[in-house]
Amino acid sequence: MQELKHWRIEREPGGLAWLHFDKAGESTNTLSAQAMLELSQALDEFEREPPKGLVILSAKSAGFIAGADIEEFTKIESAEGARALVQRGWDLYNRLAAVTYPTLALIRGHCMGGGTELALACRYRVAVDEPGTRIALPEVMLGIVPGWGGMLRLPQVIGPAAALDMMLTGRAIDAKRAKRLGFADECVPPRVMMNAARMLALSGQAPRALPFLQRLMNGPLKGFVAAQAKKQVATRARPEHYPAPYAILDMWARYGGNALAVPTDKPTSMDAISRSPTTKNLVRVYYLQERLKGFGKDSDFAPKHLHVIGAGVMGGDIAAWAALRGLTVTLQDQSIERIAPAIQRAASAFKKKLRDDTQVRFALDRLIPDPSGQGARQADVVIEAIFENLEAKQKLFADIEAIVKPDAVLASNTSSLKLEDIAAGLKNPSRLIGIHFFNPVAKMPLVEVVEGRDSDPQALKRGMAFVRKIDKLALPVKSAPGFLVNAVLAPYMQEAMRCVDEGIAPEAVDEAALAFGMPLGPIELADTVGLDIAVAAGKQLADAGAEPPKKLLELVNAGHLGRKTGRGFYTYNQGKPQKAAVGQVPAGLAERLIKPFLAAAQRCVEQGVVADAELADAGVIFGTGFAPFRGGPMNYLKERNEQP
Ligand code: NAI
């Protein structure tokens, strides 16, 4: 047989064969055309001389398989190219699923997309129980569908409810959950994984059968299940913006999970999906995210202890998040009474997130109330999140500087004060950087890392490494009013509120923004942020001389501050805005709303708040949720200008 570059076959005397995936010249395994061709050559070889069992595993420490080769995939320009790509994997995995000898995927570390589909085409799956093991079909996040058999086999293996949840959200499961759902036949610790794989592959055991009800749902009841799921999807994604989840449902329910079986003139066909600009833009978002993940990577800073000062809305949640991510956190405020609510909030967040009492206890043990602030002495990173008051912050940093380790990162979470002014309280002002989180901390993926006039580049690198360490995306920004994210949001929200002043219903304003693809309407966003904060942000960030919106001031003067007081532009019932039916949305409203947003993004690039247009797009998408399928504000401007 031909020499394989990316795979290695190892046959045992007893008849078991091991097929190691070891992509040449790369640290992770991706399924390029060549790697797939070689897999089929390996299957040729096993056809000639069938093993008693075949275990497919990875030779990379990084993980099992990261999925298809995205570079290759982005080069595809025609619908025919997209079809050929789908056909290649569909056929190959059907072949793998049909072999007569037992097959097993040994999954350790990441197992994504085409990797998960390969595992599904095997008779058995063993998942290795360690933190890095994550199994997902994330295609939908790139605007595509799991066309290599995922839509056929995942529902057969774990039942349609769980399978649709994974395929429509792209969410990953860990090894334990994989076992619970029935994706993995076994979940084992690393030291016994080879033995477990060997024994199961040779066991002769019948593959696990789906319970009766699940079989019904994956058979005669498909239409009903799909209709329910479609309603769910509709609350999150509009078909004109995100065709892929709708295509997945249709392909599963009506075409046996075969993407190629959908007639080309249907809106859920491969052709329609590959023509949609959404796919290209979502792939762009993927690359933007990879770029943000790269910040801080070149630093060997490995922070273990975070000290947070100010246990309010932000400080409390920053502390909880970092403790959840494995850091030891000391949390300081003026008294223990002020720290207690933050710890309580953390306890319920940990319970929801971790679901395991021991893990919850460990996380809570890492979060230490520290009213006297002694923790600052040992901390690797100190984040200040006290009231927005310059003198208080200056004094605090002067005190802190005297006791911290010489190489500890000193950071402020300030939204509106000048970093340079706060740094004036320090003996060595170059130590101060900004680490600016967004509210709610647990949900927002972005953190702006702010470079002040005097900030030391090393401190910035360390700040970004810290952000990476707690699994957030760091965006380097220059010190400027509103940095990037608030600088683009503020004028957009002001414009929205001005529309309300002119008599347009808040519901219509919000609907226009939603139809454009924003995750939340600007009026509801203002209510959520708090109208008092909206007034303050407006003063700082709106165009010079612009009058604040009238209705906004009226509401604030009457004590209606938005969601937190139960009333703002909307009235809230159990945290939900009571919206009237949307009437006619005035023509051109979305463009009017988005114009100041785009202008501000452009200004931030011109003024060097971010280093380039790509980073503006990345920051705005991950910091505001700006319509990901449009690829970011700068990308949107560019595409609009290119239109004939
Ligand atoms: P908050 O009012 O909820 O909490 C501030 C806390 O700091 C209070 O618990 C207070 O007791 C404590 N504090 C005040 N002076 C102190 C001192 N000298 N020593 C120890 N503790 C002290 O405020 P919030 O909203 O959490 O804001 C904190 C910082 O975060 C501000 O700089 C704000 O600009 C920034 N920020 C706020 C966001 C938000 O949405 N609320 C978003 C991003 C940044």
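How far is the sulfur of C122 from the closest cysteine sulfur, and in which residue does that sulfur lie? The distance is 9.9 Å and the partner is C111, too far for a bond.

## Basis of the report

This is a predicted model, in which local features need pLDDT of at least 70 and side-chain atom pairs count only at pLDDT 80 or more, while totals for chains, interfaces and linings use all residues. Residues are numbered from 1 along each chain as its sequence is written, and side-chain values use heavy atoms, with hydrogens and water left out.

## Domains

The protein chain is assigned domain 1 (7-275), domain 2 (305-479) and domain 3 (486-642); such bounds come from an automatic or database domain assignment. Taken over C-alpha atoms, the centres of domain 1 and domain 3 are separated by 40 Å.

## Cysteines

The structure holds zero disulfides, a disulfide being a pair of cysteine sulfur atoms within 2.5 Å. C122 is buried, at a relative accessible area of 5% (buried means under 20%, exposed over 50%, and partly exposed in between, with a 1.4 Å probe and protein chains only).

C187 likewise takes part in no disulfide, and the nearest cysteine sulfur, that of C111, is 14 Å away. With a relative accessibility of 25%, C187 counts as partly exposed.

## Ligand surroundings

The ligand is surrounded by 19 residues, and the closest are M314, D333, R338, E388 and K393; a residue is near the ligand if one of its heavy atoms lies within 4 Å of it. Sorted by class, this shell has seven nonpolar, eight polar and four charged residues. In this scheme Ala, Val, Leu, Ile, Met, Phe, Trp, Tyr, Cys and Pro count as nonpolar, Asp, Glu, Lys and Arg as charged, and the others, Gly among them, as polar.

Polar contacts are pairs of N or O atoms within 3.5 Å. A polar side-chain atom of E388 lies 2.5 Å from an oxygen atom of the ligand, and for Q334 the corresponding distance to a ligand oxygen atom is 3.1 Å. In N439, an N or O atom of the side chain is 3.4 Å from an oxygen atom of the ligand. Taken alone, the ligand exposes 840 Å², of which the protein buries 81%; accessible areas come from the Shrake-Rupley method with a 1.4 Å probe.

## Backbone features

Most residues other than glycine have a negative phi, and most peptide bonds are trans. N439, described above for its ligand contact, is joined to P440 by a cis peptide bond with omega of about 0°. P440 lies in the loop between β15 (432-436) and β16 (446-451). Helices (H or I, at least four residues) and strands (E, at least two) are DSSP runs, numbered from the N terminus.

F483 is not a glycine, yet has a positive phi of about 45°. Its place is the loop between β17 (473-478) and α20 (485-501), and F483 is buried, with a relative accessible area of 5%. Q574, also a residue other than glycine, has a positive phi near 50°. Q574 is found in the loop between β18 (572-573) and β19 (576-577) and counts as exposed, at 80% relative accessibility.

## A pair separated in sequence

G219 lies in the loop between α9 (212-217) and α10 (222-236). Its relative accessible area is 28%, and G219 is partly exposed. G219 and P160 are 59 residues apart in sequence, and their C-alpha atoms are 9.7 Å apart in space.

Terms used: A polar contact is a pair of N or O atoms within 3.5 Å; within protein, one must be able to donate a hydrogen and the other to accept it, and residues adjacent in sequence count only if both atoms are side-chain atoms.
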